[in-house]
Amino acid sequence: MHTIDTALVDWSRAQFTLTAMYHWLFVPLTLGLGLIMSIMESVYYKTGNVFWKNTAKFWMKLFGINFVIGVATGLILEFEFGTNWSNYSWFVGDIFGAPLAIEAIIAFFLEATFITVMFFGWNKVSKKAHLTATWLTWIGASLSALFILVANAWMQYPTGMYFNPENVRGEMINFGEILFSPVAINKFLHTFLSGWMVGGAFAVGIGSWYLLKKREEKFALKSMQVGAIVGLAAAILLAVTGDQSGYQVAQKQPMKLAAMEGLYEGEKEAGLVAIGILNPKKQSYNDSIDPFLFNIRIPYLLSFLATRDYKSFVPGIKDLMEGGYENSDGETEISATEKIERGKIALQALADYKQATANKTGTEADAEKYKQIVEDNFKYFGHGYMDSPEQLIPPIAITFYSFRIMVIFGVFFIGLFMVVLFYLYKKKMDKLRWLHWICLLSIPLAYITS
C-alpha cells in the first residue's frame with residue numbers, strides 16, 4: 001500500500017499558501033487602481049485639464065508596480081499546481097486548466113499588449129487611443145480575475161464534467177456550465193468588487209496622507225473624491241453579492257455555512273449570529289456544551305438568507321454529520337459515515353475496473369459492472385479518502401470569526417466612504433486631521449476585509 005508523506009504535503013501547502021498570500025497583496029489593489037486611473041484619464045480626455053492627466057499618471061505608476069509583482073507571483077502559483085499538486089493537475093487538468101489557459105491566452109495578452117501603450121504612449125498616440133489602451137489594460141486585469149475565479153469556483157462546486165474511469169480523469173462536457181455556474185458568477189463579482197473597495201480605500205488613505213503633510217491639496221482631495229465614490233459603490237454592491245454568495249454556500253456547501261454560523265444543531269426559523277464569542281470548551285458536535293459564551297442573533301435571518309424562506313430548516317454540523325434531514329434537493333440526506341463508505345466503494349470499484357480492463361482478469365460485463373458502481377457513487381468519491389467523519393468539519397473558529405470580521409469592516413467602509421464624501425461636499429475635508437488619520441490607518445483594514 002502506498003503511504004503518503006504527510007510532511008511533504010504540509011510543506012507543499014505552506015509554500016502554496018505563502019505564494020497565494022503574497023500574490024493577494026497586489027491583486028485587489030491592481031483591480032481597484034485600474035478603475036480609478038481609467039476614470040481619471042477619462043475626465044482628462046473629456047475636459048483637457050492637464051491636472052487630471054498628471055493625477056492619472058501618478059496612480060498609473062502605483063498600478064504598474066502592483067501589476068508587475070502580481071503577475072510574477074501569479075505565474076509562480078500556476079507552476080505550483082504542477083509541482084506541488086501534480087496528481088490534482090492530472091485528475092482535473094482538462095477542466096481546471098481550461099479557464100486558466102483562456103486567462104493566459106485572452107486576458108494576459110490583452111494586458112501585456114495595452115499596458116505598454118498605456119505607460120509609453122502618452123506622446124506617441126492620440127488621446128483617444130491612449131484612453132482606450134488604459135481601459136483595455138484594466139479590462140484585461142478584470143478578465144484575468146474572472147477566469148481564475150471561475151477555476152476556483154469549480155473547485156467549490158464541480159459542474160459541467162464527467163469522470164472517465166478509463167483514464168482516471170475528469171473530462172469537461174459543458175464549459176458554459178462551468179463559466180456561468182451561480183457559484184462562479186457570485187464568487188467573481190464579490191471578489192472583484194472587493195478589489196474596487198481596496199483601491200478606493202487606498203486612494204482615500206494616500207490622499208489623507210498628503211493632507212496630513214500639507215502637500216498637493218488639490219491632488220489629494222480629487223483623488224479622495226474618486227476613490228470614495230468607487231469605494232462606496234463597491235461596498236454597497238458587495239452587500240448584495242455577499243447575500244447571493246451566502247445563498248449559494250447554503251445550497252451547495254451547507255457545512256461551510258454551519259461553520260460560518262457556529263451552528264451545531266439545525267433549526268427552523270434560524271437566527272443569524274450578528275456578534276458572538278465561541279466557547280473554546282466545545283470540542284465535538286456530539287457533546288452537550290453550549291457552542292457560545294455569548295451571542296446576539298437576528299431572528300429568522302439565517303433561514304431567510306439560506307433558503308429565501310424565514311420558516312425553513314437550516315442544518316447544523318450535527319445534522320450534516322448524522323444525516324436524516326431533507327436537503328435542498330428534497331432528498332433525505334445520508335450520514336457522513338455512509339458518504340465515506342460510498343466513497344470507498346467508488347475507489348475500490350475503480351481499482352477493480354482498472355484491473356479488469358488492464359489485466360483482463362474479468363469479463364467485459366465485470367468491467368461494465370465496476371464502471372457503473374463508480375458512476376453511481378462518484379458523488380462521494382472524495383469522501384473515500386477520509387479516515388474519519390470528523391475530517392469533514394472545517395475549523396470552526398477561523399471560519400466563524402473571519403466571516404464576521406469581513407462583514408463588520410464591510411459596514412465600516414460603507415460608513416467611512418459616506419463620511420468622506422459628505423465632508424468633501426461640505427469642503428471641510430482638508431481641515432479634519434482626525435478623519436485623515438482614520439482614512440490612512442484604514443488601508444490595512446481594507447486588505448483584511450478583502
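The entries below keep to that order.

**Entry 1: the chain as a whole.** I note at the start that this is a predicted model. I looked up the secondary structure and found 16 helices and six strands in the chain. Along the principal axes, the C-alpha atoms fill a box of roughly 80 × 55 × 40 Å. I then turned to burial, and recorded that buried residues account for 45% of the 450 residues. The chain exposes about 23200 Å², of which carbon and sulfur atoms supply 64%. For contacts between residues at least 6 apart in sequence, I recorded that 74% join residues at least 24 apart.

**Entry 2: α8 against α14.** I looked up how helix α8, residues 217-252, packs with helix α14, residues 396-425, and found an angle of about 145° with the axes 9 Å apart. On the α8 side the contact is made by Leu221, Met224, Gln225, Gly227, Ala228, Ile229, Gly231, Leu232, Ala235 and Ile236, and on the α14 side by Ile414, Phe417, Met418, Val420, Leu421 and Leu424. Sorted by class, the residues of this contact are 13 nonpolar and three polar, with no charged residue. Beside the list I wrote a reminder that an α-helix has 3.6 residues a turn, so residues three or four places apart point the same way.

**Entry 3: α7 against α14.** I next looked up helix α7, residues 182-212, which packs with α14 at an angle of about 45°, the axes being 12 Å apart. The two helices are therefore oblique to each other, and their crossing is left-handed. From α7, His190, Met197, Gly200, Ala201 and Val204 meet Met406, Phe413, Phe417 and Val420 of α14. This contact has seven nonpolar and two polar residues, and no charged ones. Going back over both lists, I marked Phe417 and Val420 of α14, which take part in the contact with α8 and also in the contact with α7.

**Entry 4: α9.** I looked up the burial of helix α9, residues 254-261, and found that six of its eight residues are buried, so the helix is largely enclosed by the rest of the structure. The buried ones are Met255, Leu257, Ala258, Ala259, Met260 and Glu261. Just after α9 comes Gly262, for which I wrote down a positive phi of about 60°.

**Entry 5: Asp243.** This residue is found in helix α8, and I recorded Asp243 as partly exposed, with a relative accessible area of 26%. With neighbours within four places in sequence set aside, Asp243 is in contact with Leu305 and Arg308. I also looked up its separation from Ala306, which is 63 residues in sequence and 9.1 Å in space, C-alpha to C-alpha.

**Entry 6: positive phi outside glycine.** Glu216, in the loop between α7 and α8, has a phi near 45°, a positive value in a residue other than glycine. I found Glu216 exposed, with a relative accessible area of 53%. Lys427, in the loop between α14 and α15, likewise is not a glycine and has a positive phi of about 60°.

Terms used
Residues numbered from 1 in each chain as written. Predicted model: local features only at pLDDT ≥ 70, side-chain atom pairs only at ≥ 80, totals over all residues. Heavy atoms only, no water. Axes fitted to C-alpha atoms, helices over the stretch in contact; angles between N-to-C directions. Helix = DSSP H or I, 4+ residues; strand = E, 2+ residues; numbered from the N terminus. Contact = heavy atoms within 4.5 Å. Nonpolar A, V, L, I, M, F, W, Y, C, P; charged D, E, K, R; others polar. Parallel < 35°, antiparallel > 145°, perpendicular 65-115°, else oblique. Left-handed = near helix turned anticlockwise from the far one by under 90°. Buried < 20%, exposed > 50% of the residue type's maximum accessible area, 1.4 Å probe, protein only. Areas by Shrake-Rupley, 256 points an atom, 1.4 Å probe, with all protein chains shown as cover.
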